[in-house]
Amino acid sequence: MAFPGTARAGQFMGAHVSVDIRTALPSRELAPVLDHAFRWLRWVEETFDPDDEDSQIGRLNRGQTLRQVPEIVEVLHRCDEMSAATDGWFDARINGKVDPSGYIKGWALERLSRALTQAGAVDHLIDAGGDIRVRGSVSPGRRWRVGVRDPRTGAVRRVLFAHDVAVATSGRAKIVDPRTGEPRQDLSSVTVLGPDLGVADAYATAMYAMGPVVARRFATGLAAEGPYQTLIVDLDGQLFGTPGLAAYSGAGTLLAG
């Protein structure tokens, strides 16, 4: 038995984004909800894209006057918090420019997921280029099935089953080591699972920047202290996962590299 629901797809920050709603609501109620969802994503991109000179972040980097947008203060504050939480490995201010890209996509999708829930669409999956947020059920009593893909090869590294989780994967875009200013290229991907997609996104970005040795140590400590779990894939396809990943597993979910 499947939930009726509806789905819609588009583009967000250079990635294909899809919203799949399975809650049994009439289409006349879901259509305006999805309209609002994609307007929100367009607004986020127009406001925070560091490569767009007309965005608020673009204007900030050129020292120009900004609109009074509370979300900008919120995002920059959260970026500072994540920098502190990762001992500076997550850094939204590199080479004198503000770039919240390692946090903003996850933050936007997390906000969108909460808005869908408040609108009554409690069963949904949002996917934007490796950043995934699921809530509720794919069908009555069944958890969502989420494949964690290697952003370089497209290979499915792990299959997760969950009713409520955020999944962020880093490795597709260039990530710079904030301590050297050079791009890191010694990991295939880092995936972080937890209750907040923005936070998971920032942790995944930070651990990718750390490199394999420091990232494994950080992931182990992070899992011991709280709800965020990590899957690290080395360049040779070797997997390192924290123990809490077992809560999202099913038979045969760990795949060969």
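This is a predicted model: local features need pLDDT of at least 70, side-chain atom pairs count only at pLDDT 80 or more; totals for chains, interfaces and linings use all residues.
1. **Helix H1.** H1 spans residues 27–48. Its 22 residues reach 31 Å from first C-alpha to last, close to the 32 Å expected at 1.5 Å a residue. Leu30, Val33, Leu34, Ala37 and Phe38 are among its buried residues. Trp40, Leu41, Val44, Thr47 and Phe48 of H1 are buried too.

2. **Helix H4.** H4 has 18 residues. From first C-alpha to last it reaches 26 Å, close to the 26 Å expected at 1.5 Å a residue. Its buried residues include the nonpolar Ile104, Trp107, Ala108, Leu109, Leu112 and Leu116. Lys105, Glu110 and Ser113 are also on the buried list, and so are Gly102, Tyr103 and Gly106. Gly120 follows H4 and has a positive phi, near 100°.

3. **H1 against H4.** Two packed helices are described by the angle and the distance between their axes. Here the axes of H1 and H4 come within 11 Å and cross at roughly 155°. An angle over 145 degrees counts as roughly antiparallel, so H1 and H4 are roughly antiparallel to each other. The crossing is right-handed. H1 contributes Val33, Ala37, Trp40, Leu41, Val44 and Phe48 to the contact. H4 contributes Ile104, Trp107, Ala108, Leu109, Arg111, Leu112 and Leu116.

4. **H3 against H4.** The axes of H3 and H4 also come within 11 Å, and they cross at roughly 120°. That makes H3 oblique to H4. The crossing of H3 and H4 is right-handed. On the H3 side, the contact residues are Glu71, Glu74, Val75, Arg78 and Cys79. They meet Tyr103, Ile104, Trp107 and Arg111 in H4.

5. **The largest nonpolar core.** In soluble globular proteins, nonpolar side chains tend to be buried together. The largest nonpolar core in this model has 57 residues. Leu41, Trp107 and Met207 touch the most other members. Helix H5 (residues 197–210) supplies the largest share of this core, eleven residues. A second, separate core has 15 residues, including Val146, Leu160, Leu193 and Leu231.

6. **Leu41.** This H1 residue is buried. Residues up to four places away in sequence aside, Leu41 touches Phe12, Val17, Ala108, Leu109 and Leu112. Of these, Ala108, Leu109 and Leu112 are among the H4 residues in the H1–H4 contact.

7. **Gly211.** Gly211 lies in the loop between H5 and helix H6 (212–225). Is Gly211 buried or exposed? Its relative accessibility is 1%, so Gly211 counts as buried; the cut-off is under 20%. Beyond four places in sequence, Gly211 touches Arg184, Asp186 and Leu187. Gly211 and Asp186 are 25 residues apart in sequence, with a C-alpha to C-alpha separation of 6.2 Å.

8. **Val176.** Val176 sits in the loop between strand E9 (164–170) and strand E10 (189–194). Which residues does Val176 contact, leaving aside neighbours within four places in sequence? They are Ile94, Gly181, Glu182, Pro183 and Ala209. Gln229 is 53 residues from Val176 along the chain, and their C-alpha atoms are separated by 22 Å.

Technical notes: Residues are numbered from 1 along each chain as its sequence is written. Side-chain values use heavy atoms; hydrogens and water are left out. Helices (H or I, at least four residues) and strands (E, at least two) are DSSP runs, numbered from the N terminus. The expected span of a helix is 1.5 Å times one less than its number of residues. Buried means under 20% relative accessible area, exposed over 50%, partly exposed in between (1.4 Å probe, protein chains only). A nonpolar core is a set of buried Ala, Val, Leu, Ile, Met, Phe, Trp, Tyr and Cys residues joined through side-chain atoms within 4.5 Å. Contact means heavy atoms within 4.5 Å. Axes are lines fitted to C-alpha atoms, for helices over the stretch in contact, and angles run from 0 to 180 degrees between N-to-C directions. Angles under 35 degrees count as roughly parallel, over 145 as roughly antiparallel, 65 to 115 as roughly perpendicular and the rest as oblique. A crossing is left-handed if the near helix is turned anticlockwise from the far one by less than a right angle, and right-handed if clockwise.
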